[in-house]
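Visitor: I would like to go through this model with you and ask, term by term, what each label rests on. Could we begin once the structure is in view?

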Amino acid sequence: MTLIVSRRGALLGLGSAISLGGASLAVAAAPGEKRLVVVLLRGALDGLAAVAPYGDADFVGQRGVLAPVMPGQPGGLLDLGGFYGLHPALAGMHGLYQANELLVLHAIAGATRSRSHFEAQDNLEFGTPDHANGPRMTSGWHNRVATGLAPTSHAELAFAVGSVVPLMLRGPAPTGTWLPATATHPGTDLYARIAALHRPDAITGRAIRDGLRDRGFSEAVLAGAEAPRNTANSFPALAEAAGRLLADPKGPRIAALELGGWDTHAAQAPRLAGVLGQLDRGLIGLKTGLGVAWAQTVVLVMTEFGRTVRVNGTNGTDHGTAGVAFALGGAVAGGKVRATWPGLATPKLVDARDLAPTADLRALAKGVLGGHLGLGAAQLATIFPGSGDAAPMAGVLRG
Amino acid sequence: MALPADPRGWLAGQLDGPDAAMDRPWHSSAEGLRAIRLDQQDKDGKQAHVRPIITADAATAIDVLLTTDAPFRERLVWFWANHFTVSLRRGQVTALAHAYLREAIRPHVTGRFEDMLVAVMRHPAMLIYLDNAQSFGPNSNAGMRARRGLNENLARECLELHTVTPVSGYTQTDVTEFAKVLTGWSVRYDEEPPGYLFRVNAHELGSKTVMGQVYAGGEGEGMRALGWLAEQPSTYRNLATKLVRHFVADVPPPGAVARVERVLSQTKGNLKAAALEVVALPDAWTPLTKLRRPMDYVVGVLRALDLPQGRRPDLRGVFGMLGQPYMSAPLPNGWSDLAEDWAAPEALLRRIDWAYSIAGRAGDADPVAIADASLGELLPADTMSAIRRAGDRREALTLLLAAPEFQRR
C-alpha cells in the first residue's frame, strides 16, 4: 500500500519549465484552496459487492452464494435509496452519503476492455485508451494535472507518502514520497555528505534530496537543525496524515493513495469485508485530517475494472468489466447513486459474464478537473488524450 | 572478494553440473502440505507446524545467498522464481515457497524452459497461489456435484505472464478454454503422499481449442498445451526481454534481446544456453547500469561485510522494511526490474538508514579494504575520499554502503 501526495515546490522548478509552454500556463487555473485526491484500488474491486443493486430482479439469482443480506436485516446492506445498498463494512461512507457528501457511480469503467490487471492499470494511470498500442505516454494523468495547475505562492506541490510513486503520478512534475521515519538514522551532517555523493546521479540524486526534504531535512536544515515528522503505517493512519498535509495552507493540493487486496478470486466475502473496512476508515481518516479543508476537497475512488457478475468455482469472482467508483468530499454533490443501469440479465452482460459499462471513468475525472480545478478543454485533452468521446460529466460537483 | 581472473569463465563454470544448493536441508512440498493440514486441525491459528518450516527454509535460502560460490547461478534461480512468482501473501504458499524453488525452479535453471514450466504449473505452491487447485470443470462430475466451476486465474497468468504474453493475440475464449484444459490439476492434502494430484472427476472432458490448437481431454492435454506454449516465438521473445532487462538494462537493447531470443529458439528453450548468451553480450559487461532491488542490495551489503552468522540481522524483516517483503510480491507479475520502481525518495532513504544501522554492527572491519574489495576501481574519487575522510568507521562504512555506486550492479 502506498500513499502519494504531490508537492508544489518541485513544480515551481522543473515541472513547469518542462511541461508548460506559455500558452497552457496562461490558461491554467490557480489551484487556490481546491484539493483533489485519487484513491486507486489496485486488483479490481467487485463493484457489485461494494454497492449491491439489490433492486435488480436478476441480482440475487446471478450472485448465488455472494448475494448479500438485504437492507434492514442484521448485517444487511446499508440502503442507498431503494435500489442500491452499500456493503455493511462501509458504514463511514454511508454516513457521508446521508450527509450528501458521497456520490456513487455505478456501471462505470475505464476506456479499456482488457481483463489484464497490468494493462488496465497502465491505461487507467497513463490516462490513455490503449497504452500498449499507443499513444504511449511518458507521464501519468495525475502528474499531468499537477503540471496543468499554475504555479502559485505555495511552497510545495509534489509531496509523497509511501515508498513507491505510482504510474499515475509519475512524470515531469516531480513527486516526493514520505513514510514514517525508521527508528535509527544518520545525523544531519552524515545525511548531508551522502546527499552530496548522490547529487550528480540521474536516478538517485533528486530522489534523495526530495526524500530528505520531505523528512524535514531541507537544504537549509542539512546545515542547521529540525526534527522529522512521524506517524503509524496503516492505510487509515497514512490517509489521515495525507489529509493533514493537504490541509496545510501552504501544503500540497493534489494527492494519490493506493490500496491493494481487491483481487478476490477465492473466498471473496471474508477477504473483501476486511479491505473494505480499511478503505472506509481511511476515507474517514482523510476527512478528519483535512478538517475544514474537506469542504474544498474532491476524492475520487477508482479501480481498474470490475469483476464477473456470477461467482466462480471458488466462491470468488474473476476479472470483469464495469464496476463502481466513488466521488466524495465537501465539494461533491452527493447523496445519490448515478448510473444508467444496464441490468444483470445474462443477455445484458458483456460476453454474458460482466456488468456492462454505461459510464466512463475519464468522463468522471474530467468533470472534476474542469469544475473543481478549473482546467480548460485543451488541458483536459492533454491529460486524457483520445478521450473526445468521454465528455466531462456534469453534476458531480456542488453548486 | 576480488573479481576472478577470468570473469566469463567463472560465470559459465557456475552453470556446470547440478545446483549445490539443491542439497541443503529444504522441507519438501509433502512436508509443507502435511503442516498445513495439521495447522488446520489445530484450529488455533498459531501455525505451529508451518511456522518452523518457513523460518528454517528462509534462513537456509538467505544463507545460500550470502555464502554461495555460484552467485550468478543463484541470481538465475531468483530471476526464474520471480518470472514464475508465487507469493506468501497467499497464506498457504508460506509452507511451500521454498519447496517450490527446490522442486520446480532449481532443477531446471540450466535445463529446458518447457520442463520448468511444467514443473511450475504442477507444483502445489502455484496451483494454490493461482487458485487452480480449486478449479472445477463446470460439467465435470465433481463440479456438478459440488456446484463448483472454473477459476481461470492460473490459465490467464500462464498465458499473459509466463509464456506468450498478450502480443500473441489470445482472446478471453482462449483463456477460458485453457482454464478448462487445466481443470483437475490439483493438490492432495489429506492422503499420503500429499502433493500434485490429477483429479479426473474435476476435469472438464470434451474438446477445447486454445489459440487454434485442439485438445481432446485428459491430463495429457495440459502437458501438450504447455509444450506448445513453451515453444512459441512470443514466449521466447518474452523470456529474452526479461532476461536482458534483468541482467543488462531497464530498457533492453533490441539487438541483445534478439541474440538471446535466437538462442532460445535454436535450442528449443535451453535456459543454460540462454544464460551463457547473456554473459556473452557486450552490453552485459557495462558496470553499474542496474539499480539493485532491495533484496539484491541487502545481499550485496552482507556479502561485502562478511558478518559472522551471529551478527547478521533478520534479513527477512530488512527486505520488508526496504520495500520488498520476502517472497511476497503483491501480484503475479512479481517484482519490477525497473529502477524507477525502486528509486522513490523514501525507499532510498530507508536504504541509507539501514546502511547506517548495519554499519554499526560491522565492528572493526576496515572500510577502505571493504571498499576496495567490493567496488575497487568503480568507486569514483569523491566517494573514496569521503570514505577516507569520515569521522569514524561507522560513518565511513555508511558512506560506502549508501554511495550511488553501491546501489547498482
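Guide: A helix here is a DSSP run of H or I that is at least four residues long, and helices are numbered from the N terminus. Please keep in mind that this is a predicted model. A:His94 has its place in helix 5 of chain A, which covers residues 91–98.

Visitor: What makes A:His94 count as buried or exposed?

Guide: Buried means under 20% relative accessible area. A:His94 has 13% relative accessibility, and therefore it counts as buried. Leaving aside residues up to four places away in sequence, A:His94 touches A:Leu78, A:Asp79, A:Leu80 and A:Leu86.

Visitor: Why is strand 9 of chain A described as mostly covered?

Guide: Strand 9 of chain A, residues 323–328, has six of its six residues buried, and buried means under 20% relative accessible area, so the description holds for this strand.

Visitor: How do you know that strand 9 of chain A pairs with strand 6 and with strand 8 of chain A?

Guide: Two strands pair if DSSP finds at least two bridges between them. Strand 6 (residues 102–109) of chain A joins strand 9 of chain A in the antiparallel sense over five bridges, and strand 8 (residues 297–303) of chain A joins strand 9 of chain A in the antiparallel sense over three bridges, so both meet the requirement. A:Phe326 in strand 9 of chain A has A:Val104 opposite it, and A:Val301 also stands opposite A:Phe326.

Visitor: What makes the pair A:Asp201 and B:Arg408 a salt bridge?

Guide: The rule asks for a side-chain nitrogen of Lys or Arg within 4 Å of a carboxyl oxygen of Asp or Glu. For A:Asp201 and B:Arg408 the closest N and O atoms are 2.8 Å apart, and therefore the pair qualifies. Across the interface of chain A and chain B the rule finds three salt bridges.

Visitor: How many residues does each chain bring to the contact, and what area is buried between chain A and chain B?

Guide: Chain A brings 45 residues to the contact and chain B brings 48 residues. About 3,900 Å² is buried between chain A and chain B, with carbon and sulfur atoms giving 60% of it. On the side of chain A, the residues that lose the most area to chain B are A:Phe118, A:Leu197 and A:Gly313, together 17% of what that side buries.

Definitions and conventions. Residues numbered from 1 in each chain as written. Chains lettered and ligands numbered in written order. Predicted model: local features only at pLDDT ≥ 70, side-chain atom pairs only at ≥ 80, totals over all residues. Heavy atoms only, no water. Contact = heavy atoms within 4.5 Å. Buried area = accessible area lost by both parts, 1.4 Å probe. Buried < 20%, exposed > 50% of the residue type's maximum accessible area, 1.4 Å probe, protein only. Helix = DSSP H or I, 4+ residues; strand = E, 2+ residues; numbered from the N terminus.
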